[in-house]
Amino acid sequence: MRNYLLGSAALAALLTLAPATKAEELKLGHIRPQASSVHQELTEFAEAVAQTTGGETTIQLYPASALGDYTVVQERVSIGAIEMALQPPATGLDRRMQLSVMPYLVEDWEAAKKAFGPGGPISTEMTKLYAEQDITVLGAYPVYFGGIALNRDAIEPGNPDAKKGIKLRVPPIRSYQLLGEAIGYIPTPIPFSEAFTAIQTGVVDGVLGAGAEGYYASFRDVTQSYIPANTHFEVWYLLINTGVLEGLEDTARANLETAAAEFVAKRWEVAPTEQKTFEQRLAQAGATINELTSEELSALATSVREKVWPEVVNDIGADFAQPILDQLAK
């Protein structure tokens, strides 16, 4: 009996000195289908996290809005019901987040990286806004320059003054609605999850708010024409609930942050080429690509900046937005 008691005491001491490490499984939602390049890149990211943490931190991916529309997912990440997400900002939760999706904010990939890359003025401000919702930004993920997909032929796509009579689905975000009007379309706010059905049933004639990769992934079966109009620069944010991140063991947290930084850095390298690749894939799927001249792109940008920017700046607050826009203009 005495040997048994001594053994039990020794075992208890060992358990006290070396407690078991708690494994963490984090749910990560995104909006693209499982076959998309986004999902493939996230799969590599999840594998890197599992490998560097020795399997103590794992990420379970939920593609195709399986956890809900991205606006709902952002709210759930905020309260910790979902741990992570890669998605556009839900501007309905904070109007200032429209800054990230202002149309014609940057003109090329070099300017985009300066604005949205690590330490850039847009990514810096967006990190602060997410922090107010108890969400930490692990990185800004560049997707593409946006365009317009139509289930019909285009009408004067490079002329912002032409009243085209074409109804476009736009995200339920004011800046996109104003953008559609400024370049001659009839904008109709519809959630992303309902957009395909809206085109298929003729509620709208096309989509504004994504780019070639997004249209190929989700709308290629209803796309007859594509206009690479560079309407906006699409950036998604790799998000994690702040409490969840802080609750990770120090080494696991550091490994997660390192893997996230590498995930985003790689994306900045491949995104420009991928944009052209998906424009070609849309063409191979039967869509007509309506290339615009530099003069036409400039005309669209000028119309939008004159008509849309003042209203967006007023909506989100000039004291907040104007200094950032001035910094980008330098």
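The model is predicted, so local features need pLDDT of at least 70 and side-chain atom pairs pLDDT 80 or more, while totals for chains, interfaces and linings use all residues. Residues are numbered from 1 along each chain as its sequence is written, and side-chain values use heavy atoms, leaving out hydrogens and water.

Let's start with the core, meaning buried Ala, Val, Leu, Ile, Met, Phe, Trp, Tyr and Cys residues joined through side-chain atoms within 4.5 Å; buried is under 20% relative accessible area, exposed over 50%, and partly exposed in between, with a 1.4 Å probe and protein chains only. The largest one has 104 residues, of which Phe45, Ile59, Phe116 and Tyr237 touch the most other members. Helix α10, residues 250–284, gives the largest share, nine residues; helices here are DSSP runs (H or I, at least four residues) and strands likewise (E, at least two), numbered from the N terminus.

What does Phe116 contact beyond its neighbours within four places in sequence? Its partners include Leu105, Ala140, Tyr237 and Trp268, where contact means heavy atoms within 4.5 Å.

Now, two loop residues. Most residues other than glycine have a negative phi. Asp134, however, has a positive phi of about 65°; Asp134 sits in the loop between α5 (121–131) and β4 (135–145), and is partly exposed at 46% relative accessible area. Glu156 also has a positive phi, near 40°. Glu156 belongs to the loop between β5 (147–150) and β6 (167–170) and is partly exposed, at 47%.

Finally, the helix pair: Arg174, Ser175 and Leu178 of α6 meet Glu311, Val312 and Asp315 of α12. Thanks, all!
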